[in-house]
Amino acid sequence: MKKLNVGLIGYGFMGRTHSNAFRKVNNFFDLEYKPVLRAICARSEDKAIDFADKWGYESVETDWRALIARKDIDLIDIATPNNSHAEIAIAAAKAGKMIMCEKPLSMDGPEGKKMVAAVEKAKVPNMVWYNYRRVPAVTLAKQLIDEGKLGKIFHYRAKFLQDWTISPELPQGGAGLWRLDAKVAGSGVTGDLLAHCIDTAVWLNGSIDKVNAMTETFIKERKHTETGKVQKVQIDDACAFLARFNNGSLATFESTRYARGHKALYTFEINGEKGSLAWDLHDLHRLQYFNYADEGRVRGWRNIHVTDGDQPYMKNWWVPGLQIGYEHTFVHQVADFIQGLSSGKPASPTFRDALETQYVCDAVLKSARTQKWEKVPKK
Ligand SMILES: NC(=O)c1ccc[n+]([C@@H]2O[C@H](COP(=O)([O-])OP(=O)(O)OC[C@H]3O[C@@H](n4cnc5c(N)ncnc54)[C@H](O)[C@@H]3O)[C@@H](O)[C@H]2O)c1
């Protein structure tokens with residue numbers, strides 16, 4: 001097996017999911033390359049050393065520029081907050097490194113466009129970690145839609161609900177709460193949660209033509225974790241938008257961090273002339289399927305337990321009936337990235353694919369300001 005020397009930047013939530021995926025992928029998938037955990041980069045050396053010990057990284061760096069300069073690194077994996085993605089990715093592309101970057105690709109469309117230009121100019125393999133595409137039930141939905149099982153599509157609806165920012169005592173900014181700081185996150189639920197819904201939607205149902213959105217910031221001021229000063233909150237706490245897809249279908253999207261009782265309720269449903277599909281992250285191994293062609297007496301929603309060997313990714317895991325979970329989606333993503341290297345056919349979403357989601361997010365935020373329908377720019 002050829003070595004794929006990985007340099008990871010950021011050891012937080014995603015640093016762990018990625019490390020786990022790099023470590024496990026060759027145990028479950030037959031691939032030409034084997035990821036080697038060469039270096040973890042974090043600003044705190046002590047924490048980087050702890051992380052390296054726990055996950056098996058061979059070395060640590062405290063400056064991502066030094067990591068990118070290393071000759072023994074093939075792939076830069078970006079698992080840092082959103083405002084650092086562009087600078088790191090552009091430098092990594094100039095240095096000829098492959099790049100896997102966390103979502104959202106960038107702070108906004110224009111920044112994402114520069115990232116796309118950089119990786120395409122350098123001709124380096126690149127991918128964005130929109131991992132929900134690789135939940136087997138979601139990949140099965142993609143297969144069924146592409147095979148025409150739903151026929152003409154009329155509706156798409158998605159939501160992503162959480163409830164962790166309801167307390168006015170919660171500060172904004174800093175290491176654990178950068179998602180509440182617009183300067184670091186770019187936006188609130190739109191870039192954080194709806195970006196996932198949009199990525200899946202565009203993958204399943206094609207491009208979005210225009211959107212009409214509303215956003216709200218329920219808690220207007222919060223103390224900043226680092227300065228202690230009470231400051232205006234500049235992120236969207238909640239966002240709902242209508243969309244028209246290029247294929248003529250209509251859509252609704254909703255996301256909030258104020259839906260008491262919901263931790264990470266990502267759901268979508270798609271309705272076509274011949275059938276419908278529905279999926280729910282809290283029951284992620286199941287796909288609901290309604291097929292109008294079924295005999296009338298027994299027609300109804302099928303609840304497909306996506307664990308069989310002929311269903312996406314599942315032949316690489318256990319035996320039929322035994323399900324997998326969230327962390328496996330990242331393993332699938334690494335497997336697909338490596339298969340893309342071998343076949344020369346890049347796995348999606350590339351930076352260019354992910355730019356489309358960025359443009360939709362920009363149009364959503366613009367529409368919330370203008371209170372008008374906004375066209376999504378072509379990527
Ligand atoms: N694909 C998904 O489902 C998913 C889920 C969560 C987060 N994310 C994305 O992953 C990224 C990271 O999110 P997270 O939840 O892991 O955040 P986190 O706060 O848990 O971790 C961020 C890490 O980046 C490090 N970091 C920050 N600036 C750095 C710098 N200049 N140099 C080196 N390290 C630096 C921090 O120390 C920390 O280790 C974000 O872009 C986020 O949107 C994606």
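Guide: The open sheet has nine strands in mixed pairing, and their order is β16-β15-β14-β13-β7-β12-β11-β8-β17. Strands here are DSSP runs of E with at least two residues, helices are runs of H or I with at least four residues, and both are numbered from the N terminus. Two strands count as paired if DSSP finds at least two bridges between them. Before going further, a word on the source: this is a predicted model, in which local features need pLDDT of at least 70 and side-chain atom pairs count only at pLDDT 80 or more, while totals for chains, interfaces and linings use all residues. Residues are numbered from 1 along each chain as its sequence is written.

At the edges of the sheet are β16 (301–305) and β17 (374–375), each of which pairs on one side only. Further in, β11 (residues 238–245) and β12 (residues 250–256) run antiparallel and are joined by seven bridges. Within that pair, Leu 242 stands opposite Thr 252 in β12.

Now for the helices lying across these strands. Helix α8 (residues 189–205) lies across β7 (153–161), β8 (208–216), β11, β12 and β13 (265–272), and runs at about 155° to β7. Helix α10 (residues 351–370) lies across β8, β11 and β17, at about 55° to β8. Contact means that C-beta atoms, placed from the backbone, lie within 7 Å. Axes are lines fitted to C-alpha atoms, for helices over the stretch in contact, and angles run from 0 to 180 degrees between N-to-C directions.

Stepping back, the protein chain has ten helices and 17 strands. An automatic or database domain assignment sets the domain bounds, giving domain 1 (2–131) and domain 2 (135–375). Each domain brings 37 residues to the contact between them. On the side of domain 1 that touches domain 2, α1 (13–28), β2 (33–41), α5 (109–122) and β6 (126–128) each supply at least two residues, and α1 gives the largest share, eight residues.

Helix α1 also provides the largest share of the shell around the ligand, with three residues. That shell has 21 residues, and Gly 10, Gly 12, Phe 13, Met 14 and Glu 102 come nearest; a residue is near if its C-beta atom, placed from the backbone, lies within 6 Å.

Methods. Two residues are in contact if their C-beta atoms, placed from the backbone, lie within 7 Å.
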